[in-house]
Number of protein chains: 2
Amino acid sequence: MAITMRDVAQAADVSIKTVSNVINDHPNIKAETRERVLLAIEKLGYQPNLSARGLRSGRTDVISLIIPDLKNAYFAELADAVMTAAAKRGKVVIIEQSGGSRARELEILHGPRMRMVDGVLYSVLGLGQEDAGLIDIPTPMVLLGERIFHGPTDHVTMQNIEASQAATEHLLQRGRTRLLAFGAHRNEVIGSAGLRLEGYRRALQKAGLDYRDELAIDVQSWHRSDGAQAMRQVLESGLDFDGVVAFNDSIALGAMRVMQDAGLKIPEDVAIIGFDDIDETRYSLPTLSTIDPGRREIAETAVAMLLERIDGAPEATPAREFEAGFKVISRESTAIRPAEDSA
Amino acid sequence: MAITMRDVAQAADVSIKTVSNVINDHPNIKAETRERVLLAIEKLGYQPNLSARGLRSGRTDVISLIIPDLKNAYFAELADAVMTAAAKRGKVVIIEQSGGSRARELEILHGPRMRMVDGVLYSVLGLGQEDAGLIDIPTPMVLLGERIFHGPTDHVTMQNIEASQAATEHLLQRGRTRLLAFGAHRNEVIGSAGLRLEGYRRALQKAGLDYRDELAIDVQSWHRSDGAQAMRQVLESGLDFDGVVAFNDSIALGAMRVMQDAGLKIPEDVAIIGFDDIDETRYSLPTLSTIDPGRREIAETAVAMLLERIDGAPEATPAREFEAGFKVISRESTAIRPAEDSA
DNA sequence: CAAACGCTTTCCAACGTTGTAATCTTCAGC
DNA sequence: GCTGAAGATTACAACGTTGGAAAGCGTTTG
């Protein structure tokens, strides 16, 4: 079988515990002894058994990331950022896909895998504010996203309202006034859709424009095909608009494609801005203006918070909340003279 | 602390081992006893400690997927397919990103995490055929991709040459004859680039056309920006071509964007086909014809093979090789009358 | 009626590691 | 040369689980 500490101990002519001490950098080890042990480890190619260590120490150095769907570019990029942040701190990440369904999200959270990891980063779409009570589990956890606020756990999110307001203002400044709120969920108050719609309304209000309900376009699931589908209906309905605030990049790209097929020029006829700054927005035709939600900051902060929870006193500090900073990224899809009609 | 088998045993008034037997579906358990144990498990909310189980049984039910980069759409979709296939069989997946660097790929393979998983799916970009000897590790492994053939382990890959030949023929059939081989690595014989170039050559030969070296365009790294960059140079050079066989979708999309910026019409002026069938190809403008490499089949087969290795006799069967089937997906970017010049 | 059998449950040890506490060494200080 | 303290190492137990073998028990068989 594999090499164990026992073999190393024998080879270095010390006790098993001394080997353990060397590996774990315990104080009070003679330099000469440490040398000898390290040499034996090297020679035998010893590698610790992480199951045994996990059993004994209660730590596995594995954290779990629960997300709806890796095929979704936003979550793929989030996963990348989280894994990079975790690797920097010596942790490894198990990804579990929930498909965004509430039942599956709860199932995963209460499944036996949770006992195998030190902590969980929990990014949900199916759960809502009313489920806040259900996510209080013994495993340390940091919640991501905008489905539940002021829950029992730490929470990292982006400035949805402010960012959406800024996106809307970005278009208003460029002289567009008939703006679609593209991707709304009308019955939602929080959640990305609810918050972003609120930001849109605030921007209009600040600019002295009325909110017109028919300009809020429902797109239930935020995939590219849904955006395309929704835009097709908008065009058929003959609705008059000159700008689109899309609530994520995927539906923006889907919608853009449909508008172009219909002969609309972007940004001349319609200006459009998305949300998330996924890689693809830099390469679409035209390139898509968007909101950088501060993904790296979100990932770094979430991992750091989680590790603090894991290391720190169990229930000492109360749940913390953190909002990452955002940036408006201006690209071709909104590249028109600012406020050209006022010239 | 957490509930253990000991607590369950006490509650059900049986021995610890009986609880274990119930959980592991051992034969010869009285129905009544099983009931009682299951009830106690339910009531106490017992969940097994996977570290302990892993230590005792040598199994963790975790497999590792080593890939270059999750931000790359191809690998994100591969990861999704692998996780789905694994979940179906009760396994969970740890993803490790190598960045595609040879050193890091080896480092991960020989790192201590390998002792925590039952097996590894290993998708490499940095290693090459000459490293075949280095990847023989005690942990069961299935190699993915086209960097190493006939190595010491099972191998799952796609039909690169045949698929590339089919892609090239797809353009030839549509009357295009001056075809770029876009994404070549001139010094490579195997590897995706080498094999796909070979398929391109075979198609030309079969059609009675000469291979012209200046039409093979090197693109070192297969990211969108590299494709864009390479196409910019091609256009500047004034090279004459009417079709592009791109060796993956990302560089195809990057190149398409650049050609359109330069006023070329697709597919009228230039027809283009990619490789991989990533989601985005269905939504680009125009939609991109491509090769479906059989990703799901690859994932399913790789996971199945790996589990066989894990369960089966260690070195019983020799290394197996499997090539998934491919499909040519015809979309707008090649939507021109077949062989129009012969009409 | 004893022996044998099959089903069911239990006992014991072990997986490889680390925490605690005990032991052994070294060396300063007198 | 002795004492005491600090430094270095070790013995032992324990983490929660499962494999193997043994034991209990009810039934059948010669």
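**Symmetry of the two chains.** I laid chain A on chain B and got an RMSD of 0.1 Å, with a turn of 180° and a shift of 0.0 Å along the axis. The two copies are thus related as by a two-fold rotation axis.

**Ground rules.** I noted that this is a predicted model, where local features need pLDDT of at least 70 and side-chain atom pairs pLDDT 80 or more, while totals for chains, interfaces and linings use all residues. Residues are numbered from 1 along each chain as its sequence is written, and chains are lettered from A and ligands numbered from 1 in the order in which they are written.

**Where A meets B.** I found 34 residues of chain A in contact with 34 residues of chain B (contact: C-beta atoms, placed from the backbone, within 7 Å). On the chain A side, α4 (50-57), α5 (73-88), β2 (92-97) and α10 (249-261) each give two or more residues. I took helices (H or I, at least four residues) and strands (E, at least two) as DSSP runs, numbered from the N terminus. That side of chain A has 17 nonpolar, 8 polar and 9 charged residues. For the classes, Ala, Val, Leu, Ile, Met, Phe, Trp, Tyr, Cys and Pro are nonpolar, Asp, Glu, Lys and Arg charged, and the others, Gly among them, polar. Also, 100% of the interface residues of chain A are interface residues in chain B too, so the copies meet through the same surface.

**DNA strand C.** I counted 27 residues around DNA strand C, the closest being Met5(A), Ser20(A), Asn49(A), Lys17(B) and Thr33(B) (near: C-beta atom, placed from the backbone, within 6 Å of the strand). The elements that give two or more residues here are α2 and α4 of chain A together with α2 and α4 of chain B. α4(A) gives the most, with 5 residues. By class I got 11 nonpolar, 10 polar and 6 charged.

**DNA strand D.** Here I counted 26 residues, and Ser15(A), Thr33(A), Met5(B), Ser20(B) and Ala52(B) come nearest. Two or more residues each come from α2 (16-23) and α4 of chain A, and from α2 (16-23) and α4 (50-57) of chain B. The classes are 10 nonpolar, 10 polar and 6 charged.

Note on methods: Contact = placed C-beta atoms within 7 Å. Least-squares fit on C-alpha atoms with pLDDT ≥ 70 in both.
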